[in-house]
Amino acid sequence: VNTAVVSLNPKNIETFSAGGDPDLMKALAVLPGVVTTGDQGGQLYIRGGAPIQNLVLLDGMIIYNPFHSIGFFSVFDTDVLQDAKVYTAGFGAQYGSRNSSVMDITTRDGNRSELKAKGYASTYMSKLLVEAPIGKRDENGLANNSLFLSGKTSYLRQAAETRSRPHHGQ
């Protein structure tokens, strides 16, 4: 029995992201027992544990630095997530020797019926998502495979450099 697990899907992440763009980091920050800091590339403290004691998995692969600088965004694009399960206690031995938490994040499958693209730009970031069916289609119109490309970039470094430059002239 999982006693302390929160399951977040893209809709929950959008609801919990207080202000600005929907992001997993913002959604985690409003959960009980979670404290985030912007120093050292964005740190996540869950139930008093150190950031190194958190295990972050993306489709079963360990992600070591999942948060961008200043802690504004996570590296996970909300548009590609299927769900994120956050275990803050009572997780099994299969997750190794982590003492604080486990975040098990799963991505969704690409669109197997039609070509779709989505672009987004804001003051601090931009992202692009392209998904398309690949291969022969079955009787339901679904292809065997799909192409799923997602890219995301942050403008925080450029914004910080612009603010730190001295202005000459008038």
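**Close-up views of a predicted protein model**

Residues are numbered from 1 along each chain as its sequence is written, and side-chain values use heavy atoms, with hydrogens and water left out.

**View 1. The whole protein and its elements.** The protein has three helices and 10 strands, with helices (H or I, at least four residues) and strands (E, at least two) taken as DSSP runs and numbered from the N terminus. Along the sequence these elements follow the pattern β-α-α-β-β-β-β-β-β-β-β-β-α. Of the 170 residues, 34% are buried; buried means under 20% relative accessible area, exposed over 50%, and partly exposed in between (1.4 Å probe, protein chains only). The protein exposes about 10,300 Å², of which carbon and sulfur atoms supply 52%, with accessible areas coming from the Shrake-Rupley method with a 1.4 Å probe and, for residues, only the protein chains shown counting as cover. Among the contacts (heavy atoms within 4.5 Å) with a separation of 6 or more, 53% are between residues 24 or more positions apart.

**View 2. The five-stranded sheet.** An open sheet of five strands has the order β1-β6-β7-β4-β5 with mixed pairing, two strands being paired if DSSP finds at least two bridges between them. Its edge strands are β1 (4–8) and β5, each of which pairs on one side only. Strands β6 and β7 run antiparallel and are joined by six bridges, and D83 has T106 in β7 as its bridge partner. Between β4 and β7 the pairing is parallel, over five bridges, and here L55 has V102 in β7 as its bridge partner.

View 3. Strand β4 is mostly covered, with five of its five residues buried. From this strand N54, V56 and L58 point one way, whereas L55 and L57 point the other way. Two bridges join β4 to its antiparallel partner β5, and L58 stands opposite M61 in β5. The hairpin of β4 and β5 has two residues between the strands, and in it D59 takes a positive phi near 50 degrees.

View 4. Most residues other than glycine have a negative phi. With 55% relative accessibility, R47 counts as exposed. D59, which is also not a glycine, has a positive phi of about 50 degrees and is found in the loop between β4 and β5 (61–62). The relative accessible area of D59 is 43%, so this residue is partly exposed.

View 5. A nonpolar core is a set of buried Ala, Val, Leu, Ile, Met, Phe, Trp, Tyr and Cys residues joined through side-chain atoms within 4.5 Å. The largest such core has 19 residues, of which L8, L24, L28, L44, F76, M103 and I105 touch the most other members. Two or more residues of this core come from each of α2 (24–29), β3 (43–46), β4 (54–58), β6 (81–89) and β7 (101–107), and α2 gives the most, with four residues. Leaving aside its neighbours within four places in sequence, F76 is in contact with D23, L24, V56, L58, I63, P66, L81, I105 and K152. A second, separate core of six residues includes L57, F91, Y95 and V102.

**View 6. The β8 and β9 hairpin.** Strand β8 (residues 116–121) lies largely in the open, because the number of buried residues among its six is zero. It pairs in the antiparallel sense with strand β9 (residues 125–137) over six bridges, and the hairpin that joins β8 to β9 passes through three residues. A121 has S126 in β9 as its bridge partner. The charged end of K127 sits over the ring of Y120, 5.5 Å from its centre, a charge being placed over a ring if NZ of Lys or CZ of Arg is within 6 Å of the ring centre and within 35 degrees of the ring normal.

How values were computed. Predicted model: local features only at pLDDT ≥ 70, side-chain atom pairs only at ≥ 80, totals over all residues.
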